[in-house]
Structures are given as structure tokens and as C-alpha cells.
Amino acid sequence: MGYEIIEAVPLIGALGAEIRGLDLAKPIDDATFAEIERAFLEYQAICFRGQKLTPDDQLAFAARFGEIDTYPFVQPLEGYEGIVPIVKEPETRINFGGGWHTDTSYMPQPPKATLLYGVDIPERGGDTMFSNTYAAYDDLSDGLKQLLDGRTAVFTASAVHGARGAYSHVKAGDVKRRQDESQAELRVEHPVFRTHPDTGRKAIYVGRFHVERLSGMRVDESAPLLSFLTSHAVKPEYTMRFQWEPGTVLIWDNRCVQHNALNDYPGQRREVHRVTIKGDTPF
Ligand code: SIN
């Protein structure tokens, strides 16, 4: 089915589309939003270029997709609990969001979508990679699908946000951490292959950084299978490399997409504002 109100221009073969002709600071009627939502489900990541949004505008647009979520590990923008500023200063080395993952998959109900607004974008670099994990699932052999279908894995934020995690030394001035040890050490079980509640399609849900092991197995026993799945999920043919501009809005579907913020802009500053939309329990 095509689009009658919006213009949706595919970005690349694997996933992604640019939606043209809309000013997101203005009210969007229900018929237009229904097409935006359809494009979001069809293309998995949709962008809108050249926007000029206040924090209230960003939250209002994000809220059309569902209830706004909060993020446990970073201080929100002052006065806006739902907006997390992701800032990397020119001298900073650590890169928030670097490494393939799907957002906060270690929570019992991870966010269904993430919406970023480009505020300060490096002249070169600072792209975000995205991978279509439906396509990655579809390409698995029937044997592997049968072996792991219905199985769960243990997800945790420990390796990233725990006391000795990768972000434990992030300094003030960039992404301002608010550490919650109880959340960082939480362990939850989610399916290895997740079924999308709206499309009914299956996608690989395990990622490299937030999964400890397959349920019922030791870490060393799980490692070869997890290593295969997490590498397979981000093979180049499933991916899209997204270039930001100031004023770009991008929303992606965490249920069928993994992403990876590239750290290739030393000496330059990057600031994007992140809003997540509440999701349900993966099944
Ligand atoms: C994230 O992982 O949510 C951040 C992605 C980015 O900064 O491009």
C-alpha cells in the first residue's frame, strides 16, 4: 500500500526512509500521523530533515507514538525528564551508544522506539549505523531457527553501566551519568528471537553488549552461539549508515533494529537529544 499524504523516500535497500514535506513543530492530523506510523513499521527507521524543534515540540511529536519513557543512567535535560542529551565534547574519547545494541534491552519492558533530534552535529563523522534484524532472522537456516525458537537469554546492563562497566569512568561535562546500581545489576530474560507485536515478524533480539548468556546455559557454553547471532545480525547487507544534520529527527523501532553510534570525530562536538517511547514485554 502506498502513501497518499506523506512522501516516503527509501534511504537504502536494507531499511530506512526519509519522510518529506512535514514541519514537526506544527500539529499533525490523525490521517497524516497514521501514514507516518505505517512508514515507521514498514521502514523501521524514518527521518525528517530540516526540523526546528523546542524540547516541548520534540516531546509532543514523540508522544504521538506512545507514552514517553525515562532512562535510568543519564541525567535528563533540565526541566524535561523525558529528554536525554547525548553530548560528546571535542576532547572526549568515550562514546555513548557506541557498539551494536537495541536500547535498554536489559529492562523488563524495553522502549519500543527511540527518537533522536540532531542539535550539534560534527562537520564530518558521527554517523549512526542501523541493522535490520528481521532480515537477519529471515536468513538464518531453519535448523538454527528451530533450535533457538522459544528460547530466552539473560539480559543485563552490568557490562556497560555496572560499577566496573564500560561507562563507569564517563566524566561530567559530557553525558551526565546518574548511577542506579540496582538497575545496572538487574537481570531479565527475553526471547532470543522476538516477535514484533504489530507486524508479527520475528527478529534477532540478542545483541553484543546487553546479553550475558542463553537461559539455562553457562556463559562459556552460550558464547559461540551468541557470538554467531550477534555478528550475523549486523552483517553489512542488513545495515544502513545514517548521516546526521542539525535539525534531523530520526525515530527507529527497537524491536527490529539494532544501532551503533560511530566514534570517528575526535576534536569535534556532537549533541543529540534522545527520547524513548515505552514498549511492552518482549515475546
Ligand atoms: C543511542 O544509542 O541511543 C545513541 C545513538 C546516537 O547517538 O547516534
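Phe33, Phe40, Phe48, Phe61 and Phe65 are joined into a cluster by ring pairs. Rings of Phe, Tyr and Trp (its six-membered ring) pair if their centres lie within 6.5 Å; planes under 30 degrees apart count as stacked, over 60 as edge-to-face and the rest as tilted. The model is predicted: local features need pLDDT of at least 70, side-chain atom pairs count only at pLDDT 80 or more, and totals for chains, interfaces and linings use all residues. Residues are numbered from 1 along each chain as its sequence is written, and side-chain values use heavy atoms, with hydrogens and water left out.

The structure holds 11 aromatic pairs. One of them is formed by Phe40 and Phe65. This pair is edge-to-face, with 5.5 Å centre to centre and 65° between the planes. The pair links distant parts of the chain, 25 residues apart. Phe40 sits in helix H1 (residues 30-43). Phe65 sits in the loop between helix H2 (55-62) and strand S4 (84-88). Helices (H or I, at least four residues) and strands (E, at least two) are DSSP runs, numbered from the N terminus. Phe40 and Phe65 are both buried. Buried means under 20% relative accessible area, exposed over 50%, partly exposed in between (1.4 Å probe, protein chains only).

Phe155 and Tyr205 form a tilted pair. Their centres are 5.5 Å apart, and the angle between the planes is 35°. Phe155 belongs to strand S7 (residues 152-156), and Tyr205 to the loop between strand S10 (202-204) and strand S11 (211-214), so the pair ties together parts that are 50 residues apart in sequence. Phe155 counts as buried because its relative accessibility is 0%. Tyr205 also counts as buried, at 2% relative accessibility.

Arg194 lies over the face of Tyr205, at 4.9 Å from the ring centre. A charge sits over a ring if NZ of Lys or CZ of Arg is within 6 Å of the ring centre and within 35 degrees of the ring normal. Arg274 lies over the face of Tyr71, at 4.5 Å from the ring centre.

Now the backbone. Gln44 is not a glycine, yet its phi is positive, near 75°. Gln44 is found in the loop between H1 and strand S3 (45-48). With 4% relative accessibility, Gln44 counts as buried. Thr104 has a positive phi too, about 40°, although it is not a glycine. The loop between S4 and strand S5 (113-120) holds Thr104. Thr104 is buried, with a relative accessible area of 7%.
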